[in-house]
Amino acid sequence: KIVWFADGEKVCHDNHCYTPTKSDVGKVLTVVVTPMRPGHDGKGCEEAYQFKRRVDALPPMPILSPLRDEFLVHRDRLQEDKQPLRVVSYNILADQNASRDVTRDADDMIYSHCKLDDIIKWRRHPLIVHEILQYQGDIVCLQEVDRDVFDGLLQPCLKAHGYQGYYSEKGLDDASGIREGCAIFWSLDVFESVRLPDMKTHTFREMFQDFMCDERLHKTEWTTLHDVSKLLEEHDHLKHVLFNKLGHVLQTVVLTDKRSKEKIVVANTHLFYHPHAAHVKCLKMLIACRQLEIEHIENELSPIIFCGDYNSTPDSGVMQLLLNRFVDSGDEETWKHLCTYEWEEGAGGDLKHVSSIDVEYPPSFPQLISAYDKAPDFTHFIECFAATLDYILASSNFEVVRSASTLSFDDMKEHVAMPNEFMASDHISLVADLSFG
């Protein structure tokens, strides 16, 4: 038995989940748990937990209302046949990254515009969970998810609202100090439950090592991979970076619609951020899509939904590859730093003999479309930089019914940058309704 109290007054009975109301603002919540079994009422075995902080009022959230009111209307997933799939993608700003500002000098802060009280996780994370739940997404892809936030907040909270999901951590190993990664959730009202072994995590290091081996190169129709292999033979440092240094991951899970039994391959990733590594990101996206094609074919040519923070602008080589299927060897922005980018200073060596390559997808890989036909003004906004880096893509057998409006530069004038009192991340969420067939 579970009972909730606000300042000692019972507010909820026999429910393991409670969302505070306006009348709870300023009060302290307590939950009392009584273990019960047949023949024993639990008396004398009760345990109580009192929250440390009083309930705060929910601040206005300009990303929700009035901007996205049409996406906040209640959806009855069980009543409507063939209603669109709602997909959410959101970089929620890892606390591991944001909390560094708390101990930094003012001149070294990334988020110097933001009050420390607004950047701490117990202020930001409830707003993020509230926003995610408001969208009532069928598929939710998250980036920059702290391991402890997934385990202690996102997983139990979304499970209580009918979701299943899993987490994939970035980093080379435990010694790397990285404790954040990606997470995918899906509604169990819409999709069948997925077995743990089918919730897949692919490291880019392992994918490069697998797809670059001679045995697989001889069998593939992805002729560009042969050119990549030759490039890496000439560029030892790039090979070292791709094979040994990058801890990023690609999540893939095949979801089965409960009613139609149709399958969908869902993928989620967060690419390398470095501004001089456009060629690295382009090659990583090539490898990611090679993996997606394998799962597309293995699952009866199932359609694909691919979300993530690609750390790439709409005119980048990454997006040219994804949407136009080809990046020319003469594309300056993609290959500009091919011979000069170094993981560690002085590690690159003399690379004047290395030449860029054409990168393209074979006809067997499905055509992808963007859920946002017109790119947002930005999806990431900090004081020194603002750009569109986040995307929801789908194979072309999906139709985009509608996509949620995004903030404009004018909207940001009074807020300076993100995060802030009303915006919990330095990215904005993307939301789209997609219909299949």
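For the residue classes used here, Ala, Val, Leu, Ile, Met, Phe, Trp, Tyr, Cys and Pro count as nonpolar, Asp, Glu, Lys and Arg as charged, and the others, Gly among them, as polar. By these classes, the lining of the largest cavity in this predicted model has 8 nonpolar, 3 polar and 1 charged residues.

That lining is made up of M61, I63, Y90, E131, M418, F422, M423, A424, S425, H427, I428 and S429, and the space in the largest cavity comes to about 70 Å³. How many cavities of 30 Å³ or more are there? The count is 1.

As for the overall fold, the protein has 11 helices and 20 strands. Its radius of gyration is 23 Å, close to the 22 Å that the globule rule gives for 437 residues, so the protein is as compact as a globular protein of that length. Taken along the principal axes, the box filled by the C-alpha atoms is roughly 75 × 55 × 45 Å.

Two packed helices are described by the angle between their axes and the distance between the axes. For helix α3 (residues 121-135) and helix α4 (residues 147-160), the axes come within 11 Å and cross at roughly 35 degrees, and the crossing is right-handed. On the α3 side the contact involves K121, H125, V129, I132 and L133, which meet D148, V149, L153, L154, C157 and L158 in α4. By class, this contact has 8 nonpolar, 1 polar and 2 charged residues.

The class counts of the two sites are set out below.

Note on methods: Residues are numbered from 1 along each chain as its sequence is written. This is a predicted model: local features need pLDDT of at least 70, side-chain atom pairs count only at pLDDT 80 or more; totals for chains, interfaces and linings use all residues. Side-chain values use heavy atoms; hydrogens and water are left out. Axes are lines fitted to C-alpha atoms, for helices over the stretch in contact, and angles run from 0 to 180 degrees between N-to-C directions. Helices (H or I, at least four residues) and strands (E, at least two) are DSSP runs, numbered from the N terminus. A crossing is left-handed if the near helix is turned anticlockwise from the far one by less than a right angle, and right-handed if clockwise. Contact means heavy atoms within 4.5 Å. On a 1 Å grid over the protein atoms alone, a cavity is a set of points where a 1.4 Å probe fits but cannot get out, and a pocket is an open set with protein on both sides within 12 Å along at least five of seven lines; lining residues have an atom within 4 Å of a point. Grid points are joined across faces, edges and corners, and a volume is the space filled by probe spheres set on the points. The radius of gyration is taken over C-alpha atoms; the globule rule is 2.2 Å times the number of residues to the power 0.38.
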